[in-house]
Amino acid sequence: MRKINHFGVPTTTPQPGEVYAEGLKVWLTNFNESPNKIEYLRFEEGSWMPELIQKVAHIAYEVDDLEAELKGAKVLVEPMPGGENLTIAFIEEEGIALELMQFDK
């Protein structure tokens, strides 16, 4: 089952409190500090992230079984560490990117 966690919104404008994620070549805001759970993403030129993620807003869902969610899905970004006790992946559904987040228990 999927549970909405946050919304990712690409921007070209620097945002207050953004931090740089070197491996992704993107500046990010903390969605936990947003009353509407919005994470702004400002990609550096040359980021390896797929264009769909760089150009179109995405929805991030918490999932219990990331591997099961990826079966048969159009995977944009394979599972990778997203922080302490967190694995993330991106898939495409209905023309938009979805971020899938599995927290280790």
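Modeller: Before we start, the radius of gyration here is taken over C-alpha atoms, and the globule rule is 2.2 Å times the number of residues to the power 0.38. This is a predicted model, where local features need pLDDT of at least 70, side-chain atom pairs count only at pLDDT 80 or more, and totals for chains, interfaces and linings use all residues. Residues are numbered from 1 along each chain as its sequence is written, and side-chain values use heavy atoms, with hydrogens and water left out.

Colleague: Thanks! What radius of gyration does the protein chain have?

Modeller: The chain has 105 residues, and for that number a compact globule would come near 13 Å. The C-alpha atoms fill a box of roughly 35 × 25 × 25 Å along the principal axes. The computed radius agrees with the globule value, because the protein chain has 13 Å.

Colleague: In what order do the elements run from the N terminus on?

Modeller: Helices (H or I, at least four residues) and strands (E, at least two) are DSSP runs, numbered from the N terminus. There are two helices and eight strands in the protein chain. Their order is β-β-β-β-α-β-α-β-β-β.

Colleague: Nice. How many bridges pair β7 with strand β8?

Modeller: Two strands pair if DSSP finds at least two bridges between them. Strand β7 (residues 86-93) runs antiparallel to strand β6 (residues 74-83), with six bridges, and G83 faces L86 of β7. On to β8 (residues 96-103): this pairing with β7 is also in the antiparallel sense, and F90 stands opposite E99. The number of bridges between β7 and β8 is eight.

Colleague: Which residue in the turn between β7 and β8 has a positive phi?

Modeller: The hairpin of β7 and β8 has two residues between the strands.

Colleague: Last one: what share of the 105 residues is buried?

Modeller: The count covers the protein chain and uses the buried class, under 20% relative accessible area. Buried residues make up 39%.

Key. Buried means under 20% relative accessible area, exposed over 50%, partly exposed in between (1.4 Å probe, protein chains only).
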